[in-house]
Amino acid sequence: MSHSMFDLFKIGVGPSSSHTVGPMVASARFAEELRDKEILHNVETVTVELYGSLALTGKGHATDVACVMGLMGEWPDSVNPDDIPTMTNMVKGSKELPLDGHRFVPFDWDTDLVFHFDKVLPEHPNGMTLTVKGDNSEVLLCRTYFSVGGGFVVEKGETDALASDFTPPFPFNSAVELLAHCEQQKKSIAEIMFANELARAKAHDKKATMKTVNEHIDAIWHVMNACIERGIVQDGVLPGGLQLKRRAKKLHDCIIKKDLDGLPLDTNDWVNMFAMAVNEENAAGGRVVTAPTNGAAGVIPAVLAYYNKFVSPNNMEGIRTFLAAAAAIGSLYKTNASISAAEVGCQGEIGVACSMAAGGLAAAMGATSAQIENAAEIGMEHNLGLTCDPINGLVQVPCIERNTMGAVKAINATRLALNGDGEHHVSLDSVIKTMHETGLDMMSKYKETSQGGLATNAIASMLSPVS
């Protein structure tokens, strides 16, 4: 199916789209259902059970905090990240949770949040069950949700997180179909997405115009840019126990000093700084945009900031074109593979973000549809097999640096594609299929768990002396 731009780019909070944004959405949906069914006032207890990857790396990703925020009626796109510590401390201290913001029920953080480290639900690695009971321990409502990547949530029994009756004017399930629309309609990839978004907006509001769509796109870019600006002035140590120091501010200061001293500057330094700033903010639980996930949230903003600074400054039309084309590519991965590291490893996050950014940048620079498809293919081809096993389950090592590498790769993929005519041996559809198959073959310990690969070796090195 053809996904909306605003499904791929969602304003939320860090540190993880699968483990923070998704669980908060699921919990908020649950609280909303309690209200709508008018059973909120009968609730006496609430229990959250986390399975698989949500349990194994949940505490490092603030999954417990996200679930409590959602149960309180908070949503990722509107909650103030600065208020979260105060709200969670209130619940922990009082041992009461204001369900949906109104109904106070007993809640013990240590016992009512259950981490099933040894259990995985068969449908998906990121599973969670929420249960409320009334008098005499009667179950009033029980729901199981799956956080399937990028902040998308599927309730058990649903076939698709975004199922709807809406059919866009130019639906596409493959790059071949997308390019066929471009050829037949004499439109660019971005123009196809714009037409679909306008139709989707009008389906919800007949008065919607392209200005409405543009305002939403502009809001996405403004949050991305604000995240960069905040990230380059913050310093100190990131939360989580690794004692990892922020580096974006120091990198920014070094770049500015070089500039003032008249020394040569490398654009890669700027790109590294942009990406690092975003993902340090994400690791700190700040306001970010899933692009298409939180773990890969720095790649697209970094490449967009590169475009805005070095290619075509203050060109909002170019930025919109970038995001529209990137979303079209992201939609193909969401439809035909996965953007969940728990399912396919980090190739589904950094790899997809790199592919999206490469195609988006190519589009903004005036590439043909064939060149855009080529850029996106190159972006993924050199991320195939990328595993996901963060140390201590935190979106910090290797995640923050990995975003810088993804951004630099995306820019180079664009350059390679623009120097060609769009013809290439491996199609985007083929590389997406290969990525999916690679992810299915990948051992589970390399798919966002707290053990295995880099995580295990790094922990071992910290425990054992180096000879």
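Predicted model: local features only at pLDDT ≥ 70, side-chain atom pairs only at ≥ 80, totals over all residues.
Local features require pLDDT of at least 70 and side-chain atom pairs pLDDT 80 or more, whereas totals for chains, interfaces and linings use all residues. Residues are numbered from 1 along each chain as its sequence is written, and side-chain values use heavy atoms, without hydrogens and water.

**Exercise 1.** Determine how Glu32 and Arg35 are placed relative to each other in helix α2.

*Solution.* Step 1: a salt bridge requires a side-chain nitrogen of Lys or Arg within 4 Å of a carboxyl oxygen of Asp or Glu. The closest N and O atoms of Glu32 and Arg35 are 3.8 Å apart, and the pair forms such a bridge. Step 2: helices are DSSP runs of H or I with at least four residues, strands runs of E with at least two, numbered from the N terminus. Both residues lie in helix α2 (residues 17-36), 3 residues apart, so about one helical turn separates them.

**Exercise 2.** Classify Lys37 and Glu33 as buried, partly exposed or exposed.

*Solution.* Step 1: buried means under 20% relative accessible area, exposed over 50%, and partly exposed in between (1.4 Å probe, protein chains only). Step 2: Lys37, at 45%, is partly exposed, while Glu33, at 16%, is buried. Step 3: these two residues form a salt bridge with closest N and O atoms 3.7 Å apart.

**Exercise 3.** Identify which parts of the chain the pair Asp108 and Lys95 ties together.

*Solution.* Step 1: the closest N and O atoms of this salt bridge are 3.4 Å apart. Step 2: Asp108 lies in the loop between β4 (103-106) and β5 (113-116), and Lys95 in the loop between α5 (84-94) and β3 (96-99), so the linked parts are 13 residues apart in sequence.
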